[in-house]
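Okay, thanks everyone for coming.

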Amino acid sequence: MLFDFYYLIFLPLPVTRMDFLNKSDYKTPLLFPVRFDRSAKVIHVLDETRLPWEETYIDVRTLLEAERVLFEMKTRAFGQVLLFLYTVLLETLGQSAGEPATTIDAVARRFKEKRPTFDFLSLAALLKNAAARQPRASLDEVAEGFIRGFDALRRKRALSLAQILPSPANILTLCNVNGELVYLYYALKSLGRQAHFFVSETRPYLQGTRLTLFELQREGIPATLLCDNQAAFLMREKRITAVVAGADRANKKGDVINKIGTYALARLARYYGIPFYAYTQYPVDADIKKIPIEQRPPEEVFMFCEAFRGTVESIYPNFDITPAEYITAQATPEGLISRKS
Amino acid sequence: MNIEQVDNALLVWGPLDEKSAAYVQRQKRIIVVPEIRPFLIGMRYNLLLLKMRNPGTVYCTDNMLGLLFFKQAIAELLLVYTKEDSRGVTAISGSLYAATLARLHAVKISLHPGPVLNYNALFKDADALSLCGRKLFSGAAVVAPAEERIAYAELGKYEKIEQ
(Lines give C-alpha, C1' and ligand atoms only; values in the text may rest on other atoms or scores of the structure.)
Protein backbone atom coordinates (compact mmCIF):
# COMPACT_ATOMS: atom_id res chain seq x y z
CA MET A 1 0.00 0.00 0.00
CA LEU A 2 1.42 3.36 -1.01
CA PHE A 3 0.11 5.37 1.90
CA ASP A 4 -0.06 3.80 5.33
CA PHE A 5 -1.80 6.50 7.29
CA TYR A 6 -3.68 8.35 4.63
CA TYR A 7 -6.65 7.81 2.43
CA LEU A 8 -7.02 8.98 -1.12
CA ILE A 9 -9.60 11.60 -1.93
CA PHE A 10 -11.06 10.40 -5.20
CA LEU A 11 -12.08 13.32 -7.30
CA PRO A 12 -12.92 12.50 -10.91
CA LEU A 13 -11.25 14.95 -13.25
CA PRO A 14 -13.92 16.99 -15.00
CA VAL A 15 -13.87 16.04 -18.67
CA THR A 16 -14.68 19.59 -19.66
CA ARG A 17 -11.27 20.69 -18.31
CA MET A 18 -9.31 19.20 -21.19
CA ASP A 19 -8.61 22.77 -22.33
CA PHE A 20 -6.46 23.24 -19.24
CA LEU A 21 -4.83 19.80 -19.46
CA ASN A 22 -3.84 20.45 -23.09
CA LYS A 23 -2.83 24.10 -22.75
CA SER A 24 0.73 24.67 -23.94
CA ASP A 25 1.23 28.42 -24.43
CA TYR A 26 2.86 29.12 -21.08
CA LYS A 27 5.28 32.00 -20.83
CA THR A 28 7.25 30.92 -17.76
CA PRO A 29 10.62 29.27 -18.49
CA LEU A 30 10.46 27.60 -15.07
CA LEU A 31 8.11 24.80 -16.14
CA PHE A 32 11.03 23.14 -17.97
CA PRO A 33 14.15 24.96 -16.75
CA VAL A 34 16.58 22.35 -18.07
CA ARG A 35 16.74 21.12 -21.67
CA PHE A 36 18.93 18.64 -23.51
CA ASP A 37 20.38 19.11 -26.97
CA ARG A 38 21.28 15.57 -27.98
CA SER A 39 23.03 16.40 -31.21
CA ALA A 40 25.32 18.91 -29.51
CA LYS A 41 25.62 16.74 -26.38
CA VAL A 42 24.93 19.70 -24.12
CA ILE A 43 22.43 20.36 -21.33
CA HIS A 44 21.07 23.92 -21.13
CA VAL A 45 20.34 24.90 -17.53
CA LEU A 46 18.33 28.01 -16.79
CA ASP A 47 20.39 29.99 -14.28
CA GLU A 48 17.68 30.57 -11.69
CA THR A 49 20.05 32.62 -9.54
CA ARG A 50 20.05 35.32 -12.25
CA LEU A 51 16.27 35.61 -12.44
CA PRO A 52 14.37 37.86 -12.69
CA TRP A 53 17.02 40.22 -14.02
CA GLU A 54 18.50 37.95 -16.69
CA GLU A 55 17.15 34.88 -18.44
CA THR A 56 20.38 33.06 -19.21
CA TYR A 57 21.31 29.43 -19.67
CA ILE A 58 24.43 27.59 -18.53
CA ASP A 59 25.85 24.93 -20.84
CA VAL A 60 26.62 21.66 -19.08
CA ARG A 61 28.72 19.07 -20.90
CA THR A 62 30.08 16.86 -18.12
CA LEU A 63 28.99 15.27 -14.87
CA LEU A 64 31.37 17.56 -13.01
CA GLU A 65 29.71 20.65 -14.51
CA ALA A 66 26.29 19.23 -13.67
CA GLU A 67 27.36 18.75 -10.04
CA ARG A 68 28.59 22.32 -9.87
CA VAL A 69 25.36 23.92 -11.12
CA LEU A 70 23.45 21.67 -8.76
CA PHE A 71 25.48 22.65 -5.71
CA GLU A 72 25.35 26.33 -6.61
CA MET A 73 21.55 26.05 -6.82
CA LYS A 74 21.50 27.29 -10.41
CA THR A 75 18.59 24.92 -10.71
CA ARG A 76 16.50 23.07 -8.09
CA ALA A 77 13.14 21.38 -7.57
CA PHE A 78 11.86 19.99 -10.90
CA GLY A 79 14.97 21.41 -12.54
CA GLN A 80 17.18 19.06 -10.58
CA VAL A 81 15.01 16.12 -11.68
CA LEU A 82 15.52 17.16 -15.30
CA LEU A 83 19.22 17.76 -14.71
CA PHE A 84 19.56 14.29 -13.24
CA LEU A 85 17.77 12.62 -16.17
CA TYR A 86 19.71 14.52 -18.80
CA THR A 87 23.04 13.99 -17.04
CA VAL A 88 22.32 10.26 -17.08
CA LEU A 89 21.62 10.52 -20.83
CA LEU A 90 24.81 12.51 -21.34
CA GLU A 91 26.86 9.97 -19.41
CA THR A 92 25.31 6.97 -21.17
CA LEU A 93 25.81 8.23 -24.71
CA GLY A 94 27.62 5.52 -26.59
CA GLN A 95 27.29 2.95 -23.80
CA SER A 96 26.26 -0.59 -24.61
CA ALA A 97 23.23 -2.35 -23.14
CA GLY A 98 23.53 -3.20 -19.45
CA GLU A 99 25.76 -0.29 -18.50
CA PRO A 100 23.08 2.41 -17.99
CA ALA A 101 21.90 0.99 -14.64
CA THR A 102 25.37 1.41 -13.18
CA THR A 103 25.59 4.94 -14.57
CA ILE A 104 22.17 5.89 -13.20
CA ASP A 105 23.21 4.80 -9.71
CA ALA A 106 26.55 6.55 -9.96
CA VAL A 107 25.00 9.88 -11.04
CA ALA A 108 22.40 9.59 -8.27
CA ARG A 109 25.08 9.07 -5.63
CA ARG A 110 27.15 11.99 -6.91
CA PHE A 111 24.10 14.28 -7.00
CA LYS A 112 23.07 13.23 -3.50
CA GLU A 113 26.45 14.32 -2.19
CA LYS A 114 25.78 17.83 -3.50
CA ARG A 115 22.13 18.10 -2.42
CA PRO A 116 21.70 15.54 0.39
CA THR A 117 18.05 16.24 1.20
CA PHE A 118 16.61 15.49 -2.24
CA ASP A 119 15.91 11.80 -2.93
CA PHE A 120 18.01 11.15 -6.02
CA LEU A 121 18.30 7.47 -5.14
CA SER A 122 14.53 6.93 -5.40
CA LEU A 123 14.53 8.90 -8.64
CA ALA A 124 17.22 6.56 -9.95
CA ALA A 125 15.10 3.57 -8.93
CA LEU A 126 12.07 5.00 -10.75
CA LEU A 127 14.11 5.53 -13.91
CA LYS A 128 15.54 2.01 -13.78
CA ASN A 129 12.07 0.52 -13.23
CA ALA A 130 10.68 2.53 -16.13
CA ALA A 131 13.54 1.27 -18.33
CA ALA A 132 12.96 -2.31 -17.24
CA ARG A 133 9.28 -2.07 -18.17
CA GLN A 134 10.21 -0.89 -21.70
CA PRO A 135 13.04 -3.20 -22.81
CA ARG A 136 12.75 -2.16 -26.45
CA ALA A 137 12.92 1.56 -25.79
CA SER A 138 16.15 3.51 -25.63
CA LEU A 139 17.03 5.25 -22.37
CA ASP A 140 16.41 8.51 -24.25
CA GLU A 141 12.83 7.47 -24.97
CA VAL A 142 12.34 6.22 -21.43
CA ALA A 143 13.57 9.52 -19.96
CA GLU A 144 11.44 11.61 -22.31
CA GLY A 145 8.41 9.48 -21.51
CA PHE A 146 9.17 9.89 -17.83
CA ILE A 147 9.26 13.69 -18.19
CA ARG A 148 6.04 13.83 -20.26
CA GLY A 149 4.31 11.54 -17.77
CA PHE A 150 5.47 13.59 -14.83
CA ASP A 151 4.26 16.79 -16.45
CA ALA A 152 0.84 15.24 -17.10
CA LEU A 153 0.70 14.31 -13.42
CA ARG A 154 1.66 17.86 -12.42
CA ARG A 155 -1.32 19.17 -14.37
CA LYS A 156 -3.66 16.58 -12.94
CA ARG A 157 -2.64 17.26 -9.38
CA ALA A 158 -3.12 20.98 -9.98
CA LEU A 159 -6.65 20.24 -11.14
CA SER A 160 -7.28 17.93 -8.18
CA LEU A 161 -6.13 20.61 -5.76
CA ALA A 162 -8.11 23.32 -7.56
CA GLN A 163 -11.30 21.38 -6.94
CA ILE A 164 -10.96 21.54 -3.16
CA LEU A 165 -9.52 25.03 -2.72
CA PRO A 166 -11.89 27.59 -1.25
CA SER A 167 -13.31 30.25 -3.53
CA PRO A 168 -12.01 32.88 -3.82
CA ALA A 169 -8.63 31.25 -3.44
CA ASN A 170 -6.25 33.66 -1.74
CA ILE A 171 -3.23 31.42 -1.68
CA LEU A 172 -0.12 31.99 0.42
CA THR A 173 2.95 30.25 -0.94
CA LEU A 174 6.72 30.25 -0.56
CA CYS A 175 9.79 29.33 -2.56
CA ASN A 176 8.98 27.97 -6.02
CA VAL A 177 7.44 24.84 -7.45
CA ASN A 178 8.52 25.28 -11.07
CA GLY A 179 5.37 26.47 -12.74
CA GLU A 180 2.93 24.40 -10.73
CA LEU A 181 1.24 27.50 -9.33
CA VAL A 182 0.77 28.66 -12.89
CA TYR A 183 -0.89 25.32 -13.57
CA LEU A 184 -2.95 25.75 -10.41
CA TYR A 185 -4.11 29.19 -11.49
CA TYR A 186 -5.26 27.96 -14.90
CA ALA A 187 -6.87 24.90 -13.29
CA LEU A 188 -8.83 27.20 -10.99
CA LYS A 189 -9.70 29.41 -13.92
CA SER A 190 -10.97 26.40 -15.89
CA LEU A 191 -13.32 25.74 -12.98
CA GLY A 192 -14.54 29.32 -13.12
CA ARG A 193 -12.79 30.37 -9.91
CA GLN A 194 -10.78 33.42 -8.99
CA ALA A 195 -7.32 33.22 -7.45
CA HIS A 196 -4.76 35.58 -5.98
CA PHE A 197 -1.32 34.52 -4.83
CA PHE A 198 0.50 35.92 -1.82
CA VAL A 199 4.16 35.08 -2.30
CA SER A 200 6.47 34.89 0.70
CA GLU A 201 9.86 36.20 -0.38
CA THR A 202 11.80 33.19 1.00
CA ARG A 203 15.01 34.63 2.37
CA PRO A 204 17.90 34.43 1.92
CA TYR A 205 17.88 33.29 -1.73
CA LEU A 206 14.53 34.99 -2.39
CA GLN A 207 13.17 32.15 -4.49
CA GLY A 208 9.68 33.41 -3.74
CA THR A 209 10.41 36.86 -5.11
CA ARG A 210 12.83 36.02 -7.88
CA LEU A 211 11.12 32.90 -9.23
CA THR A 212 7.49 32.61 -8.14
CA LEU A 213 6.59 36.30 -8.34
CA PHE A 214 8.50 36.48 -11.63
CA GLU A 215 6.61 33.62 -13.28
CA LEU A 216 3.22 34.71 -11.95
CA GLN A 217 3.84 38.24 -13.24
CA ARG A 218 4.97 36.91 -16.60
CA GLU A 219 1.69 35.01 -16.94
CA GLY A 220 -0.31 38.04 -15.81
CA ILE A 221 -1.54 36.23 -12.69
CA PRO A 222 -2.52 38.41 -9.69
CA ALA A 223 0.21 38.20 -7.06
CA THR A 224 1.35 40.16 -4.02
CA LEU A 225 4.75 39.84 -2.39
CA LEU A 226 5.27 39.69 1.38
CA CYS A 227 8.15 39.51 3.82
CA ASP A 228 8.36 36.05 5.37
CA ASN A 229 7.42 37.38 8.80
CA GLN A 230 4.24 39.07 7.53
CA ALA A 231 2.41 35.74 7.14
CA ALA A 232 0.89 35.80 10.63
CA PHE A 233 -0.37 39.36 10.13
CA LEU A 234 -2.10 38.39 6.85
CA MET A 235 -3.59 35.24 8.36
CA ARG A 236 -4.96 37.16 11.35
CA GLU A 237 -6.47 39.70 8.95
CA LYS A 238 -8.23 36.79 7.16
CA ARG A 239 -6.61 37.70 3.84
CA ILE A 240 -5.37 34.14 3.26
CA THR A 241 -7.75 31.26 2.54
CA ALA A 242 -5.20 28.50 1.85
CA VAL A 243 -1.48 27.79 1.98
CA VAL A 244 0.14 25.79 -0.83
CA ALA A 245 3.76 24.65 -0.65
CA GLY A 246 5.99 22.21 -2.46
CA ALA A 247 7.96 19.40 -0.84
CA ASP A 248 11.42 18.07 -1.50
CA ARG A 249 10.78 14.88 0.43
CA ALA A 250 7.77 13.14 1.94
CA ASN A 251 7.27 9.91 3.83
CA LYS A 252 4.30 7.55 3.93
CA LYS A 253 3.31 8.86 7.33
CA GLY A 254 2.63 12.21 5.68
CA ASP A 255 5.55 14.28 6.98
CA VAL A 256 7.32 16.54 4.50
CA ILE A 257 10.66 18.27 4.15
CA ASN A 258 10.56 21.52 2.24
CA LYS A 259 12.18 24.92 1.96
CA ILE A 260 13.02 26.63 5.22
CA GLY A 261 9.96 28.52 6.47
CA THR A 262 7.40 25.89 5.45
CA TYR A 263 6.97 24.53 8.97
CA ALA A 264 6.28 27.99 10.40
CA LEU A 265 3.59 28.61 7.78
CA ALA A 266 1.99 25.24 8.49
CA ARG A 267 1.91 25.87 12.26
CA LEU A 268 0.48 29.36 11.79
CA ALA A 269 -2.08 28.12 9.26
CA ARG A 270 -3.29 25.48 11.69
CA TYR A 271 -3.51 28.08 14.47
CA TYR A 272 -5.58 30.44 12.31
CA GLY A 273 -7.78 27.65 10.88
CA ILE A 274 -6.42 27.87 7.32
CA PRO A 275 -5.93 24.70 5.24
CA PHE A 276 -2.34 23.82 4.31
CA TYR A 277 -1.63 21.77 1.19
CA ALA A 278 1.67 20.31 0.05
CA TYR A 279 2.65 19.16 -3.42
CA THR A 280 4.55 15.95 -2.82
CA GLN A 281 6.31 13.36 -4.92
CA TYR A 282 6.52 9.66 -4.27
CA PRO A 283 6.60 9.24 -0.47
CA VAL A 284 9.14 6.85 0.99
CA ASP A 285 8.98 4.58 3.98
CA ALA A 286 11.38 6.54 6.15
CA ASP A 287 11.68 8.32 9.46
CA ILE A 288 11.79 11.87 8.21
CA LYS A 289 13.88 13.05 11.14
CA LYS A 290 16.68 10.77 9.96
CA ILE A 291 16.86 12.40 6.52
CA PRO A 292 19.80 14.84 6.52
CA ILE A 293 18.80 18.51 6.33
CA GLU A 294 21.12 20.35 3.98
CA GLN A 295 22.96 23.22 5.62
CA ARG A 296 24.33 25.77 3.20
CA PRO A 297 27.51 27.76 3.80
CA PRO A 298 26.49 30.15 6.63
CA GLU A 299 27.73 33.26 4.82
CA GLU A 300 25.04 32.71 2.16
CA VAL A 301 22.50 33.96 4.69
CA PHE A 302 23.72 37.45 3.80
CA MET A 303 22.64 36.99 0.18
CA PHE A 304 21.92 40.40 -1.42
CA CYS A 305 23.37 42.17 1.67
CA GLU A 306 27.00 41.20 1.17
CA ALA A 307 28.33 44.18 3.12
CA PHE A 308 27.42 42.34 6.32
CA ARG A 309 28.92 39.00 5.29
CA GLY A 310 31.51 37.72 7.74
CA THR A 311 30.62 40.20 10.47
CA VAL A 312 29.00 37.62 12.71
CA GLU A 313 28.29 33.91 13.11
CA SER A 314 25.28 32.73 11.14
CA ILE A 315 23.30 29.63 10.27
CA TYR A 316 21.63 28.52 7.06
CA PRO A 317 19.55 25.34 7.28
CA ASN A 318 18.03 25.09 3.81
CA PHE A 319 14.98 23.00 4.72
CA ASP A 320 12.70 22.22 7.61
CA ILE A 321 10.39 19.39 8.58
CA THR A 322 6.61 19.73 8.70
CA PRO A 323 4.91 16.88 10.57
CA ALA A 324 1.81 15.32 8.97
CA GLU A 325 -0.51 16.66 11.66
CA TYR A 326 -0.16 20.19 10.24
CA ILE A 327 -0.86 19.23 6.62
CA THR A 328 -4.49 19.25 5.55
CA ALA A 329 -3.86 17.24 2.40
CA GLN A 330 -1.07 16.33 0.03
CA ALA A 331 -1.40 16.71 -3.72
CA THR A 332 0.54 13.71 -5.05
CA PRO A 333 0.93 12.13 -8.49
CA GLU A 334 -1.58 9.53 -7.25
CA GLY A 335 -4.18 12.17 -6.34
CA LEU A 336 -5.06 14.05 -3.19
CA ILE A 337 -4.43 12.31 0.09
CA SER A 338 -5.53 13.38 3.52
CA ARG A 339 -4.91 12.15 7.04
CA LYS A 340 -7.29 9.63 8.45
CA SER A 341 -9.24 11.35 11.14
CA MET B 1 27.92 27.67 12.50
CA ASN B 2 25.73 24.58 12.43
CA ILE B 3 22.12 24.78 13.62
CA GLU B 4 22.79 21.89 16.02
CA GLN B 5 25.13 24.23 17.92
CA VAL B 6 22.25 26.59 18.74
CA ASP B 7 20.70 25.53 22.02
CA ASN B 8 18.95 27.17 24.99
CA ALA B 9 19.14 30.44 23.08
CA LEU B 10 17.58 33.86 23.60
CA LEU B 11 15.75 35.11 20.51
CA VAL B 12 15.68 38.90 20.13
CA TRP B 13 12.77 40.45 18.20
CA GLY B 14 12.57 44.22 17.89
CA PRO B 15 15.07 47.07 18.03
CA LEU B 16 17.26 47.04 21.11
CA ASP B 17 18.37 50.07 23.09
CA GLU B 18 21.00 50.40 25.79
CA LYS B 19 18.78 48.93 28.49
CA SER B 20 17.46 46.00 26.53
CA ALA B 21 20.93 45.32 25.12
CA ALA B 22 22.23 45.21 28.69
CA TYR B 23 19.53 42.67 29.54
CA VAL B 24 20.61 40.58 26.57
CA GLN B 25 24.24 40.82 27.61
CA ARG B 26 23.45 39.54 31.11
CA GLN B 27 22.00 36.32 29.71
CA LYS B 28 24.65 33.67 29.60
CA ARG B 29 23.19 32.24 26.43
CA ILE B 30 23.56 32.17 22.69
CA ILE B 31 21.72 35.20 21.30
CA VAL B 32 19.77 34.58 18.11
CA VAL B 33 19.39 37.73 16.01
CA PRO B 34 16.95 37.38 13.10
CA GLU B 35 17.06 39.96 10.34
CA ILE B 36 13.52 41.32 10.96
CA ARG B 37 12.28 42.30 7.52
CA PRO B 38 11.48 44.59 5.85
CA PHE B 39 13.68 47.07 7.70
CA LEU B 40 16.46 44.57 8.49
CA ILE B 41 16.52 45.72 12.09
CA GLY B 42 18.47 42.65 13.12
CA MET B 43 21.17 43.13 10.53
CA ARG B 44 21.46 46.90 10.44
CA TYR B 45 20.72 47.78 14.05
CA ASN B 46 20.77 44.98 16.64
CA LEU B 47 23.94 43.33 15.38
CA LEU B 48 25.83 46.61 15.61
CA LEU B 49 24.58 47.30 19.13
CA LEU B 50 25.37 43.80 20.33
CA LYS B 51 28.77 43.70 18.68
CA MET B 52 29.98 46.44 21.04
CA ARG B 53 28.88 44.29 23.99
CA ASN B 54 30.22 41.07 22.53
CA PRO B 55 27.77 38.39 23.59
CA GLY B 56 27.70 35.20 21.50
CA THR B 57 25.36 36.10 18.66
CA VAL B 58 24.03 34.00 15.80
CA TYR B 59 22.37 35.62 12.82
CA CYS B 60 19.56 34.04 10.81
CA THR B 61 16.69 34.95 8.53
CA ASP B 62 13.14 35.26 9.87
CA ASN B 63 11.88 32.12 8.16
CA MET B 64 14.36 30.01 10.18
CA LEU B 65 12.53 30.69 13.44
CA GLY B 66 10.09 27.82 12.89
CA LEU B 67 12.88 25.27 12.64
CA LEU B 68 14.67 26.73 15.66
CA PHE B 69 11.48 26.44 17.72
CA PHE B 70 10.79 22.96 16.33
CA LYS B 71 14.24 21.83 17.44
CA GLN B 72 13.67 23.39 20.88
CA ALA B 73 16.76 25.52 20.35
CA ILE B 74 15.08 28.67 21.69
CA ALA B 75 14.50 28.98 25.43
CA GLU B 76 13.19 32.54 25.51
CA LEU B 77 11.80 35.18 23.18
CA LEU B 78 12.68 38.76 24.08
CA LEU B 79 9.95 40.81 22.45
CA VAL B 80 10.75 44.51 22.35
CA TYR B 81 7.68 46.72 22.32
CA THR B 82 7.12 50.46 22.03
CA LYS B 83 3.62 50.96 23.46
CA GLU B 84 1.31 49.14 25.81
CA ASP B 85 -2.20 49.55 27.07
CA SER B 86 -4.71 47.43 28.94
CA ARG B 87 -5.27 45.11 25.97
CA GLY B 88 -1.83 44.50 24.56
CA VAL B 89 1.40 45.83 23.13
CA THR B 90 2.55 47.49 19.93
CA ALA B 91 5.77 46.15 18.44
CA ILE B 92 7.66 46.08 15.16
CA SER B 93 6.18 44.38 12.09
CA GLY B 94 6.59 40.62 12.28
CA SER B 95 6.23 40.49 16.06
CA LEU B 96 2.99 38.52 15.72
CA TYR B 97 4.89 35.90 13.67
CA ALA B 98 7.64 35.51 16.28
CA ALA B 99 5.32 35.67 19.28
CA THR B 100 2.75 33.22 17.90
CA LEU B 101 5.44 30.70 17.02
CA ALA B 102 6.94 31.09 20.50
CA ARG B 103 3.56 30.57 22.11
CA LEU B 104 2.76 27.51 19.97
CA HIS B 105 6.04 25.95 21.12
CA ALA B 106 5.53 26.91 24.79
CA VAL B 107 8.60 29.14 24.77
CA LYS B 108 8.87 31.82 27.46
CA ILE B 109 8.01 35.30 26.17
CA SER B 110 9.65 38.28 27.88
CA LEU B 111 8.40 41.77 27.07
CA HIS B 112 10.87 44.61 27.22
CA PRO B 113 10.18 48.26 26.42
CA GLY B 114 12.30 49.54 23.57
CA PRO B 115 13.06 52.64 21.53
CA VAL B 116 10.46 54.39 19.39
CA LEU B 117 11.99 54.62 15.93
CA ASN B 118 10.72 56.24 12.79
CA TYR B 119 11.40 53.18 10.67
CA ASN B 120 10.31 54.59 7.36
CA ALA B 121 12.60 57.59 7.78
CA LEU B 122 15.57 55.62 9.12
CA PHE B 123 15.44 52.60 6.87
CA LYS B 124 14.75 52.53 3.15
CA ASP B 125 13.32 49.02 2.98
CA ALA B 126 9.62 49.62 3.56
CA ASP B 127 8.39 46.41 1.95
CA ALA B 128 9.47 43.12 0.39
CA LEU B 129 10.34 44.73 -2.96
CA SER B 130 13.53 46.23 -1.59
CA LEU B 131 16.48 44.87 0.34
CA CYS B 132 19.47 46.55 1.93
CA GLY B 133 18.25 49.91 0.72
CA ARG B 134 17.92 48.88 -2.92
CA LYS B 135 14.66 48.45 -4.75
CA LEU B 136 15.33 45.14 -6.47
CA PHE B 137 11.91 44.16 -7.75
CA SER B 138 8.71 45.61 -9.10
CA GLY B 139 5.13 44.60 -8.52
CA ALA B 140 2.63 44.59 -5.70
CA ALA B 141 3.77 44.11 -2.12
CA VAL B 142 1.87 43.78 1.11
CA VAL B 143 1.40 47.17 2.68
CA ALA B 144 1.71 46.55 6.38
CA PRO B 145 2.16 49.04 9.20
CA ALA B 146 5.70 49.40 10.53
CA GLU B 147 4.39 48.27 13.89
CA GLU B 148 1.58 45.88 14.76
CA ARG B 149 -0.61 45.35 17.78
CA ILE B 150 -0.57 42.10 19.69
CA ALA B 151 -3.22 41.43 22.29
CA TYR B 152 -2.10 39.95 25.60
CA ALA B 153 -4.43 37.04 24.84
CA GLU B 154 -2.37 36.32 21.72
CA LEU B 155 0.81 36.13 23.75
CA GLY B 156 -0.50 33.62 26.27
CA LYS B 157 1.90 33.58 29.21
CA TYR B 158 4.46 36.35 29.26
CA GLU B 159 6.74 38.18 31.64
CA LYS B 160 7.40 41.89 31.69
CA ILE B 161 10.94 43.04 32.21
CA GLU B 162 11.12 46.56 33.61
CA GLN B 163 14.59 47.99 33.90
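Let's start with one pair of residues: A:Phe36 stands opposite A:Ile43, which sits in strand S3 of chain A. Before I go on, some housekeeping: residues count from 1 along each chain as its sequence is written, while chains are lettered from A and ligands numbered from 1 in the order in which they are written. Also, this is a predicted model, where local features need pLDDT of at least 70, side-chain atom pairs count only at pLDDT 80 or more, and totals for chains, interfaces and linings use all residues.

When I say helix or strand, I mean DSSP runs numbered from the N terminus, with at least four residues of H or I for a helix and at least two of E for a strand. Two strands pair if DSSP finds at least two bridges between them.

So, back to that pair of residues. S2(A) and S3(A), the latter covering residues 42–46, are antiparallel partners with four bridges. They belong to an open sheet of three strands in chain A, in the order S2-S3-S4, with antiparallel pairing. S2 (34–37) and S4 (57–60) of chain A are at the edges with a single partner strand each, so one side of each has no neighbour in the sheet. From one strand to the next the twist averages 25°. Angles here run from 0 to 180 degrees between N-to-C directions, and axes are lines fitted to C-alpha atoms, for helices over the stretch in contact.

What packs on that sheet? Helix H2 of chain A (residues 63–71) does, touching S3 and S4 of chain A, and its direction makes about 145° with that of S4(A). "Touching" here is a contact, meaning C-beta atoms, placed from the backbone, that lie within 7 Å. Helix H3 of chain A, residues 78–92, lies across S2 and S3 of chain A and runs at about 20° to S2(A).

Staying in chain A, look at helix H6 (residues 139–164) and helix H7 (residues 180–190), which pack at about 50° with axes 8 Å apart. That makes H6(A) oblique to H7(A). Under 35 degrees counts as roughly parallel, over 145 as roughly antiparallel, 65 to 115 as roughly perpendicular, and the rest as oblique. On the H6(A) side the meeting residues include A:Arg154, A:Arg155 and A:Ala158, and on the H7(A) side they include A:Glu180, A:Tyr183 and A:Leu184. By class, that contact of H6(A) with H7(A) has eight nonpolar, no polar and three charged residues. For the classes, Ala, Val, Leu, Ile, Met, Phe, Trp, Tyr, Cys and Pro are nonpolar, Asp, Glu, Lys and Arg are charged, and the others, Gly among them, are polar.

Now over to chain B, which has six helices and eleven strands. Its C-alpha trace spans about 40 × 40 × 30 Å along the principal axes.

With strand S5 of chain B (residues 88–92), S4(B) pairs in the antiparallel sense over three bridges. In that pairing B:Tyr81 stands opposite B:Ala91, and a hairpin of three residues joins S4(B) to S5(B).

Last topic: where the two chains meet. How many residues does each chain put into the contact? Chain B gives 38 residues and chain A gives 41 residues. On the chain B side, H2, S3 (57–60), H3 (65–70), H4 (95–104) and S9 (140–141) each supply at least two residues. The largest share of that side, five residues, comes from H4(B). By class, the side of chain B that touches chain A has 26 nonpolar, nine polar and three charged residues.

Technical notes:
Contact = placed C-beta atoms within 7 Å.
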